[in-house]
Amino acid sequence: MAVSDLWAVGMVLAAFAGGAFGASVGALPSFSLAGLMVVVGELYELVGRASGAETLPVDITGSIAFGVVLGPHVAFGGGAAALAYATRRGYLDTDFDYHQAKEVTRGLGNRPDVLAVGGLFGVVGYWIATLSASLSVPVDPVALGVVGSAVAHRLAFGYSLVGARPARWFDMEPFEQGVSGDEGRLADGGSRTVEPWLPYQYRWGDVAALGAVVGILGGYVAWLTASPFLAFGISVVALVFLNAGVAEVPVTHHASLPASTAVLALVDAPAGALTPALVAGAVPLETALLVGGAFGVLGSLFGEVAQRVLYAHAETHLDPPAASIVVTSLCIGLLAMAGVLPSSVWIPLP
């Protein structure tokens with residue numbers, strides 16, 4: 001990507017449409033569709049390479065799942081911003097337990113102003129990701145676009161950036177005690193109301209255990225297929241069940257993505273040259289599983305830090321997994337720059 005892509009009229013218009021689509025169908029449903037396209041795209045590439053094709057006609061993962069059609073920085077970010085706007089305008093009246101600007105499972109229909117807000121923030125996410133990639137910032141540009149877009153919509157619509165004071169960021173006790181609404185107001189005007197991102201996925205030990213399990217599986221999938229994104233796609237497709245209201249479905253893509261990436265970063269070869277045989281020859285399976293598990297735990301714990309600092313005390317959805325992926329991708333990028341890892345795989349390097 002080049003800086004000039006920021007002003008490419010066709011791409012800006014497509015990003016606007018992608019953000020509006022994310023607003024219409026909902027942030028989380030659009031992300032589940034992106035996960036499905038990742039799985040399709042990675043399998044398509046695996047089959048194509050197995051058949052001997054050096055190049056494929058379409059990069060489904062990069063152009064569709066992570067592009068302006070369903071890319072989370074465009075569609076999810078646009079949907080989250082439109083939800084914050086619709087809440088501020090008083091359009092929503094549901095029985096959602098949290099601040100309504102956090103109900104990312106719902107679609108917002110076809111109000112022109114809501115679609116326009118989604119579209120505008122789709123462009124914002126596209127600009128952030130494109131600029132990050134063109135400058136070779138060593139982080140995941142898509143995740144950075146999701147986080148940057150959320151910060152922008154909080155500022156644009158008058159929401160607090162983080163909510164509580166720093167001394168209370170890690171305090172989950174009010175939620176555990178059922179403190180909410182006016183009961184949560186403090187004498188100094190602050191609030192002790194806490195809304196954990198997932199009420200069943202916030203205890204440190206539980207989060208670490210889940211990260212280890214998902215990281216091991218993510219490492220295995222990467223070792224088996226040489227794909228850094230297939231395990232991520234599987235994690236995201238599972239969110240269909242969360243959107244459908246199935247109880248206690250965990251969110252795990254911020255563990256599976258760094259796990260898969262870290263395993264492939266152990267191979268001294270560019271991402272486009274990775275094959276299952278090359279990975280299996282360079283990295284013992286046991287090493288892949290251990291590295292995957294370690295980075296799965298790291299991603300899961302960073303996600304919990306992000307939810308406590310950026311989500312639980314605030315009023316809109318700033319995605320904890322995206323914030324975690326920004327940090328873990330930066331870690332892998334820095335380790336590659338320092339020569340500790342032979343490769344950064346798909347993470348840009350300056």
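Trainee: Which side chain does Arg308 meet in a salt bridge?
Mentor: That would be Glu304, with an N to O distance of 2.5 Å. Keep in mind that this is a predicted model.

Trainee: Where do those two sit?
Mentor: Arg308 and Glu304 are both in helix α13, residues 285-311. They are four residues apart there, so about one helical turn separates them.

Trainee: And are Arg308 and Glu304 buried or exposed?
Mentor: Both are buried.

Trainee: How many salt bridges are there by this rule?
Mentor: Three. Another one joins Glu45 and Arg49, where the closest N and O atoms are 2.8 Å apart. That pair also sits within a helix, α2 (residues 27-50), four residues apart or about one turn.

Trainee: What about accessibility for Glu45?
Mentor: Glu45 has a relative accessible area of 25%, so it counts as partly exposed. Arg49 is partly exposed too, at 34%.

Trainee: Okay, and which residue pairs with Lys102?
Mentor: Glu195 does, and the N to O distance in that salt bridge is 2.7 Å. Here the partners come from two loops: Lys102 is between α4 (72-88) and α5 (112-134), while Glu195 is between α7 (173-176) and α8 (204-225). The pair therefore ties together parts that are 93 residues apart in sequence.

Trainee: Why does Lys102 count as buried?
Mentor: Because its relative accessibility is 2%, and the cut-off for buried is under 20%. Glu195 is buried as well, at 7%.

Trainee: Switching topic. Where is Ser227?
Mentor: Ser227 is in the loop between α8 and α9 (230-237). It counts as buried, with 3% relative accessibility.

Trainee: Which backbone nitrogen lies 3.2 Å from a polar atom of the Ser227 side chain?
Mentor: The one of Phe229.

Trainee: What else does Ser227 touch, not counting residues up to four places away in sequence?
Mentor: Glu42, Ala222, Ser260 and Leu264.

Trainee: Now Ala150. Which helix is that in?
Mentor: Helix α6, which covers residues 141-156. Ala150 is buried, with a relative accessible area of 5%.

Trainee: Let's zoom out. How many helices and strands are there in the protein?
Mentor: There are 14 helices and zero strands. The radius of gyration is 20 Å, close to the 20 Å that the globule rule gives for 350 residues, so the protein is as compact as a globular protein of that length.

Trainee: What does the C-alpha trace span along its principal axes?
Mentor: About 65 × 45 × 35 Å.

Trainee: And what share of the 350 residues is buried?
Mentor: Buried residues make up 51%.

Terms used. Residues numbered from 1 in each chain as written. Predicted model: local features only at pLDDT ≥ 70, side-chain atom pairs only at ≥ 80, totals over all residues. Heavy atoms only, no water. Buried < 20%, exposed > 50% of the residue type's maximum accessible area, 1.4 Å probe, protein only. Salt bridge = Lys/Arg side-chain N within 4 Å of Asp/Glu carboxyl O. Polar contact = N/O pair within 3.5 Å; in protein donor to acceptor, adjacent residues only side chain to side chain. Contact = heavy atoms within 4.5 Å. Rg over C-alpha atoms; globule rule 2.2 N^0.38 Å.
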